[in-house]
Amino acid sequence: WAKADGKARWALFDPERNAHRMTRQNLSASLRQAIDRGEFVLEYQPIVSLADNTLCGFEALVRWRHPEFGTLTPDRFIGLAEENGAIVPLGRWVLTEACRQARGWQLTHGGPPPFVSVNVAVRQVWDSDLVADVRRVLAESELPPGLLQLELTESAVMGSGGRPLEALRALSDMGVRIAIDDFGTGYSNLAYLSRLPVRTLKLDGTFVRGFRTARHLSSADETIVTSLVDLAHKLGITVTAECVEGPAQAERLRRIGCDSGQGWHWSRPLAADRVADLLIPCPPAA
Ligand code: C2E
Ligand code: MG
Ligand code: MG
Ligand code: MG
């Protein structure tokens, strides 16, 4: 961004940019110790069945309680963790913690037990033995595999053949649910995904956003979502809509036949102790 004239050279020493870069380096370098120091926490966002407004599960979303910078959302550090490989131990921590919590819900909730949905980064599939990690964590937590959902992005499973495909098959054979996150933002197509053991598509928020503005006429987004949901259902895949922010969106998605939704309309991501308030207590044992 330095221009040819002398004055623009100052841009190279722009203190704000420099501070920003230092912060990134600082965060990147301290990721691994932060895991050991217990600075990460999970929040849980309800996933709700559209047909009857009942709770089906929770997505686990990681936050960093940074001693200096306060609470950081994943956009500040997941990219850095993917770059330097810290995503592998961080992802392992998230998986362990999420399964431990979900096992607790299963034991205390009076209704059908909610599943927990865990985001998995590309590098966890390629640079670590994801299948072995999942098998071990499920055994240690005693969480039934059917109560764990893994969210992978299209880029994690597309065109990559061998390793991800084998991992997905092994996980699915174990009974773990596989979901494709942010569906519609990448280049994958349903024909390809239908050959993978994918159970759910999480429809990216960009589609749902269009529903707010076009109230009367059927918008392009609505046409696309309607066909996607129909096609997914014909292939035996369920659809969860992300970023459902209001009642009009929820109602439209329900009419289209979308299976479940997640978003501020129902709840923001919640701290673990707030999740307990949503669960129905088990009747006391006789
Ligand atoms: P995502 O998996 O697509 O998660 C959904 C994001 O949408 C979350 O952002 C959530 O807080 C936000 N959201 C939920 N409802 C609404 C809504 O109604 N409106 C709007 N505008 N946003 C909503 P968050 O928590 O900041 O996470 C961002 C991304 O970071 C996630 O996107 C996911 O890709 C990544 N991430 C989060 N936790 C983990 C993790 O444990 N491991 C990995 N690898 N990635 C994670
Ligand atoms: Mg996700
Ligand atoms: Mg998503
Ligand atoms: Mg998203």
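So, which residues coordinate the magnesium ion (ligand 2)? The donors are E59 (OE), N119 (OD1), E151 (OE) and D181 (OD), at 2.0 to 2.3 Å. By donors I mean N, O and S atoms within 2.8 Å of the metal (3.2 Å for Na, K and Ca), and water is not among the atoms, so sites may look incomplete.

Before going on, some bookkeeping. This is a predicted model, where local features need pLDDT of at least 70 and side-chain atom pairs count only at pLDDT 80 or more, while totals for chains, interfaces and linings use all residues. Residues are numbered from 1 along each chain as its sequence is written, chains are lettered from A and ligands numbered from 1 in the order in which they are written, and side-chain values use heavy atoms, with hydrogens and water left out.

Back to ligand 2. Along the sequence, the donor residues of that magnesium ion follow the spacing E-x59-N-x31-E-x29-D. E59 sits in strand β2 (residues 55-66) and E151 in strand β5 (residues 148-153), so this pair ties together parts that are 92 residues apart in sequence. Strands here are DSSP runs of E, at least two residues, and helices are runs of H or I, at least four, numbered from the N terminus. E59 and E151 are both buried, meaning under 20% relative accessible area, with exposed over 50% and partly exposed in between (1.4 Å probe, protein chains only).

Now the neighbour. The magnesium ion (ligand 3) has D181 (OD), D182 (OD) and E242 (OE) as its donors, at 1.6 to 2.4 Å, spaced D-D-x59-E in sequence. And what bridges the two magnesium ions? That's D181, with ligand 2 and ligand 3 lying 3.6 Å apart. D181 is buried, at 7% relative accessible area, whereas D182 is partly exposed, at 26%.

Zooming out, the protein chain has 12 helices and 10 strands. Its C-alpha trace spans about 75 × 55 × 40 Å along the principal axes. Of the 286 residues, 44% count as buried. How far apart in sequence are the contacts? Taking contact as heavy atoms within 4.5 Å, 70% of those between residues at least 6 apart in sequence join residues at least 24 apart.
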